[in-house]
Amino acid sequence: MSAVNETKFSPDIFLLTGIPGQGDIHLWISVPFCLVYFISIVGNSVILFIIKTNPRLHEPMYIFLFMLATTDLGISITTIPTILGIYLFNAREISLSACFTQLFFIHFLAEIESSMLLMMAFDRFIAICNPLRYASILTLPRIAKMGLVFVLRGVAVALPFPILLKRYRYCRSNVLSHSYCLHQDIMKLACADITVNNIYGLFITFITVWLDPLLIFLSYVMILKAVLSITSRAECLRALNTCVSHLCAVLVFYMPEFSLTVIHRFWKSSSPLLQILLGYVYLLGPPLINPIVYSMKSKHLRARIIKMFLK
């Protein structure tokens with residue numbers, strides 16, 4: 001029997017969904033999510049603390065990393081509590097206002113994450129292709145202005161989602177297909193014409209999934225061109241090594257998002273389990289993996305982390 005028939009329908013709430021057919025082992029499933037939550041919160045908090053308390057790390061690359069860690073921390077705080085609520089307490093109900101609030105912050109922070117990765121690609125491009133002007137181009141006031149612009153861009157992109165959804169009445173079902181609220185998930189439950197939502201969603205998908213990655217790709221094409229012109233093999237490898245952490249962050253963020261976009265738009269007959277798992281990787285992967293990768297690859301961060309925990 002479906003979840004719709006098992007639960008009394010209420011237009012004032014939505015019902016979140018865990019992994020289908022695994023209700024008997026929800027408590028066991030909660031264990032890895034608790035670990036992910038703990039590692040994400042602690043890892044990103046440690047990076048924020050170390051960068052903030054060490055004046056030597058107040059450089060453009062680490063300031064961008066500070067912004068990225070802040071965004072990842074926000075994503076973890078926004079999404080994982082409702083996920084844990086399902087698996088620990090079977091707390092599936094969420095009010096429309098709470099759902100729309102969570103939806104706004106998820107889309108807002110995802111847009112900020114994409115913007116941060118683009119800014120970090122620009123940072124690597126300047127550092128490798130124009131190192132003599134690096135300090136004069138990426139000044140603190142300029143970085144602050146870039147950050148403000150991307151925050152405003154995130155608000156402008158995410159705010160229409162809840163505004164558009166609040167106009168509708170939901171009478172078909174109130175069961176969502178994820179453990180958190182997403183625009184593309186909720187709009188399918190509306191008893192109205194959702195053409196505007198579809199068009200706007202496609203426009204935002206173009207910006208986040210295609211435009212930002214394209215600009216990052218072009219940055220790396222120019223970086224690779226500059227690196228290959230270096231005669232010293234050691235210098236060439238050292239320059240490429242500074243990009244490894246950022247490339248990992250780009251792949252961890254964009255690959256699941258790209259896969260979800262393809263599935264939602266072109267492969268609607270795909271397994272719901274696949275969509276749910278990709279959704280978890282998309283939202284929980286970056287906050288978990290980014291602090292680990294950057295801590296391992298940055299000798300300055302690694303040294304200070306070791307020093308902090310060995311005190």
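How many disulfides does the structure hold?

Modeller: The structure holds 1 disulfide. Before the details, some ground rules. This is a predicted model, where local features need pLDDT of at least 70 and side-chain atom pairs count only at pLDDT 80 or more, while totals for chains, interfaces and linings use all residues. Residues are numbered from 1 along each chain as its sequence is written, and side-chain values use heavy atoms, with hydrogens and water left out.

Confidence comes next. pLDDT is the predictor's confidence in each residue, on a scale from 0 to 100. The chain averages 89, and 95% of the residues score at least 70. Residues 1-8 fall below 50. Beyond near neighbours in sequence, that stretch has 7 contacts in the model; a contact means heavy atoms within 4.5 Å. Where pLDDT is low, the predicted coordinates should not be read in detail.

Now the link itself. A disulfide is a covalent bond between the sulfur atoms of two cysteines. Here the term is applied to a pair of cysteine sulfur atoms within 2.5 Å. The partners are Cys99 and Cys181, with sulfur atoms 1.9 Å apart. The angle about the S-S bond is -120 degrees, and the link is left-handed. Cys99 lies in helix α4 (residues 96-129). Cys181 sits in the loop between α7 (160-166) and α8 (183-186). The pair therefore ties together parts that are 82 residues apart in sequence. Helices (H or I, at least four residues) and strands (E, at least two) are DSSP runs, numbered from the N terminus.

Both Cys99 and Cys181 are buried. Buried means under 20% relative accessible area, exposed means over 50%, and partly exposed lies in between (1.4 Å probe, protein chains only).

Other cysteines deserve a word. Cys129 has its closest cysteine sulfur in Cys243, at 9.0 Å. That is too far for a bond. Cys129 is partly exposed, at 29% relative accessible area. Cys34 is also partly exposed, with 33% relative accessibility.

A salt bridge is a side-chain nitrogen of Lys or Arg within 4 Å of a carboxyl oxygen of Asp or Glu. By that rule there are 4. One of them joins Arg153 to Glu111, at 2.5 Å from N to O. Glu111 is buried, at 2% relative accessible area.

Arg153 also meets Asp212, at 2.6 Å from N to O. Asp212 is in helix α9, so here the parts tied together are 59 residues apart in sequence. Asp212 is buried, at 1%. Through shared partners, salt bridges join Glu111, Arg153 and Asp212 into one network.

Asp123 and Arg124 make another salt bridge, at 2.9 Å from N to O. Asp123 is buried, with a relative accessible area of 2%. Arg124 is buried too, at 8%.

A nonpolar surface patch of about 1100 Å² includes Phe206, Trp210, Leu211, Leu214 and Met222, among others. The elements that give two or more residues to this patch are α9 (195-228) and α11 (244-266). The largest share, 9 residues, comes from α9. Patches are made of residues with over 30% relative accessible area and no salt bridge; like charges are joined within 9 Å, and nonpolar side chains (Val, Leu, Ile, Met, Phe, Trp, Tyr) within 5 Å. Accessible areas come from the Shrake-Rupley method with a 1.4 Å probe, and for residues only the protein chains shown count as cover. Met222 is in helix α9. Met222 is partly exposed, at 42% relative accessible area.

Two further sites complete the tour. Ser76 is in helix α3 (residues 60-89). Ser76 is buried, at 1%. Leaving aside neighbours within four places in sequence, Ser76 is in contact with Tyr37, Ser40, Ile41, Pro81 and Pro287. Pro20 lies in the loop between β1 (13-15) and α2 (26-53). Pro20 is partly exposed, at 43% relative accessibility. Pro20 and Gln184 are 164 residues apart in sequence, and 19 Å apart in space from C-alpha to C-alpha.
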